[in-house]
Amino acid sequence: MNQIKKPIWILLLAGVATFSSCKKEFLELNSPTSLVPAIALGKEADLLVALRGAYASLRNVDHMGRTVPMIGDIMADNAYQSTLNTNRYTLFNNYTYNTLDGNVAGLWSAAYNTILRCNNVINASITPNTANVDQYKGEAYAVRALCYFNLVRYFSKPFSEDPNALGVPIVTTYNPDDKPTRAKVSDVYNLMIADLEKAYSLMTKYTNSSQFSKYAAKGLQAKVYLTKGDNANALTAALDVINNGGFTALTAATHASYWANSTVTTSKLETLMEVSSDATANLAFDALSYLYSQAGNYGDYLATDDLISKYAATDVRLGLYPRVTRSGVQVFSVNKYPVISGDYSDTKVLRLSEMYLIAAEASVSTNETNAKTYLNFITSRRNATAITSTGATLRNDIIQERRKELAFEGDRYMDMLRLKVDVVRGANYPVAARSFPVSNFRRQLPLPQSELDANANIRSQQNPGY
Amino acid sequence: MRKFLFLVASFAMLTMASFAQGNRTVKGKVSDSQGNPLSGVSVRGGNAGTSTDASGSFSLSLPASVKSLSFSSVGFSTLSKSISGNAMDVKMTQENAALSEVVVVGYGTQKRSDLTGAVATVKAPDIENKPFSSVDKILQGQVAGLQSVASSGQPGANQAILIRGASSISASTSPLWVVDGIPLNTGDAARLQTTSNLLSTLNPNDIESITVLKDAASQSIYGSRAANGVIVVTTKKGKAGKTRVRFDSEVGSSDIAYFNEMYRPLNAPEYVALTKEGLVNAGYTQANIDATIAGLGGTSGVDFNWLDAISKTSPQQQYNVTMDGGNEKTTFYLSGGQFAQDGTTLNSKLKRYSGNIRLTHKLNDRLNINFNLNGGNVSQRAPLAGGSFGNPVLSAYFLRPTHSAYNPDGSFNLVSTQLGGLHNTIALSEIDKRYLRQFSLRGSLSADYRILDNLKFKTAYGSDYNVLEEDQYNNPLHGDGAASNGRAYSYYTRYFNWVWTNTLDWNQSLLKNGDLMLNAQVGYESQESQGYFGSLQNQQFPPTLALTWPASGASPTTASASISEYTFTSTFASGNLNYKNRYVVSGSFRRDGSSRFGPKNKYGNFWSVGGSWNVDNEAFMQNVKLISQLKLRGSYGVNGNAGIGNYDWAPSYGYGANYNQQPGSAPGNVGDSSLTWELNKPLDLGLDVSILNNRVNVSFDWYKRTSEDLLLGVQLSRTTGFSSTTRNTGSMSNKGVEITLNIVPVKTKDFTWTVDFNFAANKNKILSLPNGADIASGNQIIRQGQSLYSYFLRNYAGVDPANGDPLWYADTTLKAKTNVYPGAISRTISGNSLPKYFGSFTNTFNYKGFSLEFQLYYNLGNYLYDSWGSYYLGSGFGGTYNKVQRQLDRWTAAGQVTDVPKYVYGGNKSFQSASTFYLVKGDFVRLRNLQLGYSLPKSVLSKLKIGNAFFYTRGANLYTWVKDKKMPFDPEQGTGSATNLNVFIPKTVTVGLNVTF
């Protein structure tokens with residue numbers, strides 16, 4: 001026994017000690033950068049943080065960050081791809097996208113990701129239910145409606161064509177194992193209108209130009225009604241914003257500086273809602289501004305000759321489309337999003353001017369005088385020619401004024417869809433991509449393959465042609 | 001755990017049974033059968049023991065009760081002799097080398113004859129002085145069933161290793177590396193730079209041996225992390241005796257290993273002519289065509305070869321010095337090394353400095369202390385890869401030849417429109433900075449104490465410390481930094497991983513005659529790994545190229561730091577019973593607890609059983625002279641795979657989804673509180689045969705391993721807001737055979753010819769998936785009943801000779817053709833990215849002092865996808881980018897039969913979209929190593945007073961044969977077999993010298 005020296009006992013004891021040190025806590029490690037959902041959505045202040053997360057996801061490159069405002073003009077007749085390009089949205093310029101397209105899959109996923117973030121805010125049970133909680137939930141309802149609005153317009157037949165057509169899946173609660181089917185287009189519109197009604201009634205505050213407010217939600221509702229073809233409600237909603245929203249109108253004098261500004265404002269000048277990009281949270285090379293600006297190394301997309309020809313020489317809006325030489329050719333560039341570094345240009349979602357255009361369009365069938373008043377509210381503030389036409393011409397003039405005012409904001413193609421007009425494009429586009437009549441199946445985007453692969457229930461509901 | 005405590009207690013009791021008595025001293029001398037003295041022979045009697053000195057002598061003080069001494073030494077049969085008088089002379093006989101070889105296995109060593117598992121070893125001579133930046137690359141072709149694949153020729157790039165196929169779909173498929181007892185953090189730890197490899201800081205010349213554990217019997221002792229195989233590395237130790245100094249050096253250069261003329265970028269006249277044709281085909285007006293051609297540089301008169309400009313012949317060198325020696329009490333091993341290698345493209349380089357110290361000391365007859373510290377520092381520059389505009393390889397294929405990298409005055413051409421919106425990578429490689437500095441220390445301190453002759457306690461504390469500093473500067477004038485007026489990053493990553501292991505080893509003869517031996521081990525281990533990550537980025541730099549650190553920027557945009565940790569605690573036991581060296585039965589058990597799993601399933605149990613029958617030791621075989629070894633082996637067991645993220649089980653809300661620079665949160669992880677290990681159940685049957693005096697040695701293994709409760713990335717409907725989540729579901733099997741052959745066809749006094757051949761065939765099959773549903777995975781599909789990594793593509797049907805349209809098969813019957821890119825329903829399984837067969841074939845010739853070795857590595861039966869083919873071979877898609885020579889095969893006239901469609905500027909139909917057009921057969925055979933060497937004869941050496949001198953010249957990857965003549969790039973493109981415009985894999989020619997003093 002004497003030969004057994006102390007060290008071995010110490011070592012053995014140490015060995016045994018390791019068992020006692022094998023406490024449960026040693027194996028219990030939590031992520032240092034995240035919280036469990038119940039805590040992350042536990043209090044009023046948390047809800048605001050979660051709401052910001054929803055807004056931030058709108059900036060996704062394939063949602064409001066770039067794809068939605070881009071293809072809304074590329075697939076129409078406003079923006080075309082320069083022959084000198086970096087190959088972005090080529091398939092939209094040429095109408096050759098398919099089920100594997102990354103932008104299509106990105107739009108679908110990004111919009112539903114934002115919807116989840118909104119659902120979590122909307123469904124959070126916070127006590128007490130303060131005015132702030134209502135405000136946040138109201139904003140989340142409005143953001144959710146915006147997502148469904150983009151989804152249903154791109155992936156489904158227009159309401160005006162067939163309200164009973166397949167819309168998009170309606171998801172309002174969190175269930176990771178859900179495999180939903182497509183709801184009817186009309187059901188999606190009902191949801192959006194109801195969401196925006198709730199948003200309108202819950203919200204009491206205006207924060208800044210990059211968050212929904214009561215009247216921004218109403219403005220979106222006006223657009224939803226117009227898209228649905230419900231002119232009476234569209235007019236009421238638009239007038240509510242114009243008369244009660246407290247927003248100031250853009251003038252010829254403020255036009256250039258308005259578009260040059262890339263910061264979020266609280267002046268209530270023109271902007272009802274925009275998606276913010278700032279100096280730290282932005283898409284860098286993937287930003288919307290990078291695809292239009294000739295100052296960076298993309299500048300892939302240009303304004304069509306056809307669009308430019310529609311402006312009067314005096315129109316201040318022409319200032320946004322300077323003539324440049326690209327690839328040896330004189331072309332019209334787009335300067336609506338000029339800031340490509342630092343605080344990048346934001347994506348406009350809704351502007352006061354559009355409310356006047358909605359009011360004009362919604363009243364043209366019942367009161368042409370009013371329609372012209374609303375319309376010339378815009379033309380007079382752009383140094384454009386006043387519109388005096390009547391009947392069908394006036395209706396077309398209103399649509400053309402929308403095109404001129406809302407160009408490169410992702411709106412033109414949406415108009416062509418809801419108005420059921422053929423896409424007819426000029427010589428700026430490839431020969432094979434100049435005519436896409438209402439009957440063309442590619443006017444609806446394909447459901448992405450990744451969704452079909454993961455969701456057996458939706459597999460049989462692919463849009464025709466794909 | 002209770003069992004372990006009981007064992008500790010009983011061993012302690014046993015130790016008390018020894019008593020002290022009166023002593024006497026026995027002296028003697030030990031020699032081999034030729035009479036040469038043997039040093040370092042262990043001499044034991046009772047509880048006393050010593051070892052022989054350089055002259056073979058020993059002196060041992062013993063209690064009178066001890067009647068016999070036992071003598072043991074590596075390579076010799078253990079001898080037991082009764083003590084007669086106080087002086088003894090002992091002769092030891094050599095064992096059959098192959099059978100007596102000691103193999104490092106999990107938590108110890110085993111004699112090869114005791115093995116029941118499938119274990120392969122690679123020794124220092126096959127690891128040293130190879131022109132590769134890390135040991136994982138050196139393993140290619142050396143072990144049957146171990147597939148080691150590069151995806152990039154970047155020195156220091158990460159390497160993928162699969163042992164016996166891929167056992168997991170979503171969790172890690174990388175083996176566990178255990179270096180000197182420490183389970184390492186391995187893989188690519190870079191967060192900013194293109195690639196890194198934690199093993200690149202380990203100097204392969206410091207490695208003594210590598211053991212690859214391939215089956216349950218050998219692996220399962222590593223429990224929850226053994227499923228992908230275990231690679232056990234032992235570093236070099238000093239030997240007692242005269243101090244030896246060894247110097248190794250190698251210098252050479254490298255070049256692109258494989259190049260296909262069909263994939264040469266076009267020159268300017270070719271590009272311009274093709275583009276004109278494409279514009280006409282797209283229907284543009286002549287004025288527009290002329291303007292566009294001018295805009296694309298068609299009238300510039302420049303013809304610039306970007307590929308030549310970005311690729312280069314690169315130097316390579318390594319120097320290693322080692323010194324070792326010591327006496328019976330203390331041995332040491334010291335080494336220092338330098339390794340420098342440049343890649344085949346601009347600014348691709350690596351430099352490593354490394355050092356190693358190992359000290360062993362016998363404190364007394366029972367207590368040994370072992371200290372080891374191994375450090376390496378790597379500086380690396382790696383260019384961007386894949387679709388990054390700053391990737392030099394991308395620019396070689398995409399940038400138009402009509403514009404030069406330089407202005408006429410010699411300055412860099414930075415005109416964005418002349419670069420197709422991409423970057424002048426030649427300029428960027430000069431003015432931008434991309435640095436990775438990686439520092440690693442691996443060390444262990446251990447003590448083993450022989451409580452009884454047959455009972456040993458060992459405690460070892462080891463740690464593995466890695467620091468990565470990544471710095472990057474993108475200048476404000478051109479390239480990725482232009483948009484932010486310059487930007488610079490500094491990332492700091494640290495992994496500190498410690499492990500404390502305690503084991504008790506017990507050997508006991510269970511029968512009096514020694515016919516039945518028991519080796520048993522119990523142990524306890526705890527491990528913690530902490531990752532620490534700091535990241536910063538600053539933008540808006542002064543308008544100069546001289547200020548490249550974040551300190552000079554004006555707009556800090558990234559300021560982040562965080563940690564990530566995991567822990568394991570484990571108890572384990574193993575044992576084997578050996579009856580007369582004829583029958584061996586083994587078993588192991590391990591219980592692991594890990595922080596990586598949900599509260600409901602933190603602990604898992606893993607085990608194995610194995611058996612072997614050494615037929616050659618049977619009495620009836622003693623007269624069969626032809627067969628020197630005949631062994632049958634078998635094993636089965638369960639081990640696991642914990643290769644997922646540290647916090648994957650936890651449902652979470654993450655932060656950083658900020659808006660207007662205010663904090664924002666977002667759902668992070670679906671989570672699953674019952675998430676646990678993925679199980680792997682390997683069954684192995686093996687046969688080892690040696691005949692003709694070990695001139696022919698064959699090992700054959702058949703295995704089937706089933707992976708169950710896969711940690712699967714289950715696809716979720718995107719409408720849920722998530723794309724996937726990890727769940728334990730699904731199962732998969734890998735079945736295969738491995739053959740290792742070693743033949744010595746000729747063996748004379750002066751000439752030896754040795755042939756080594758290894759072969760592996762593996763067949764993967766996905767047995768079940770949730771609801772049996774397919775899982776899409778890019779161009780591949782994960783489908784029940786099929787192999788993992790199956791390509792799932794639309795089938796290309798060639799070109800319509802009438803109009804040059806691309807055609808695809810409209811459906812899976814592959815009959816009707818269409819010029820409209822068909823729906824997803826038309827996709828079929830069209831090959832696999834993993835090879836059906838792979839291995840190597842080596843011939844070594846030795847004539848007197850000369851040696852010639854050549855090794856062919858073969859990889860057969862897989863397919864490779866050309867990810868970027870749509871751009872440089874898309875018949876007009878991406879018209880502003882350059883094309884490759886194969887594009888000139890496009891259709892031009894009615895009736896023409898070709899497989900490349902009409903060239904239409906902007907794209908022809910959806911030809912550029914994924915299809916089998918871009919898939920090629922991946923079979924290749926490569927001359928991996930060709931080496932001619934000469935050793936100075938003994939007579940010269942003794943005059944020069946040096947121990948050994950060896951000169952050689954070597955070529956690595958000198959020749960590559962591919963089956964498919966349309967193979968676009970090097971056939972080695974990672975286990976995923978998809979090209980990604982990486983640094984070209986090099987062929988290297990070197991000359992070297994090894995001298996020992």
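Colleague: At what angle do helix H14 and helix H15 of chain A pack, and how far apart are their axes?

Modeller: Helix H14 (residues 352–363) and helix H15 (residues 368–379) of chain A pack at about 160°, and their axes lie 8 Å apart. This is a predicted model, in which local features need pLDDT of at least 70 and side-chain atom pairs count only at pLDDT 80 or more, while totals for chains, interfaces and linings use all residues. Residues are numbered from 1 along each chain as its sequence is written, and chains are lettered from A and ligands numbered from 1 in the order in which they are written.

Colleague: How do you know what counts as a helix, a strand or an axis?

Modeller: Helices (H or I, at least four residues) and strands (E, at least two) are DSSP runs, numbered from the N terminus. Axes are lines fitted to C-alpha atoms, for helices over the stretch in contact, and angles run from 0 to 180 degrees between N-to-C directions.

Colleague: What makes the contact between H14(A) and H15(A), and how is it divided by class?

Modeller: Residues are in contact if their C-beta atoms, placed from the backbone, lie within 7 Å. From H14(A) come A:Ser353, A:Tyr356, A:Leu357, A:Ala359, A:Ala360 and A:Ser363, and from H15(A) come A:Asn370, A:Ala371, A:Tyr374, A:Leu375, A:Phe377 and A:Ile378. Nine of these residues are nonpolar, three are polar and none is charged. Ala, Val, Leu, Ile, Met, Phe, Trp, Tyr, Cys and Pro count as nonpolar, Asp, Glu, Lys and Arg as charged, and the others, Gly among them, as polar.

Colleague: How many residues does each chain give to the contact between chain A and chain B?

Modeller: Chain B gives 83 residues and chain A gives 88. On the side of chain B, strand E26 (residues 555–579) gives the most, with eight residues. That side has 35 nonpolar, 44 polar and four charged residues.

Colleague: How do you know that strand E1 of chain A pairs with strand E30 of chain B?

Modeller: Two strands pair if DSSP finds at least two bridges between them. Two bridges join E1 (residues 34–35) of chain A to E30 (residues 652–655) of chain B, and the strands run antiparallel. A:Leu35 stands opposite B:Tyr653. The number of bridges therefore meets the requirement.

Colleague: What makes E41 and E43 of chain B the edges of their sheet?

Modeller: The open sheet has three strands in the order E41-E42-E43 (chain B), with antiparallel pairing. Strand E41 (796–799) and strand E43 (817–818) each have a single partner strand, so one side of each is left without a neighbour in the sheet. Strand E42 (residues 806–809) of chain B is joined to E43(B) by two bridges, with B:Trp808 opposite B:Thr818.

Colleague: Which strands of chain B pair with strand E49 of chain B, and over how many bridges?

Modeller: Strand E46 (residues 850–860) pairs with E49 (residues 924–935) over 10 bridges, and B:Leu852 stands opposite B:Leu932. Strand E50 (residues 948–956) pairs with E49(B) over seven bridges, and strand E51 (residues 960–962) is joined to E49(B) by three. Each of these pairings is antiparallel.

Note on methods
Contact = placed C-beta atoms within 7 Å.
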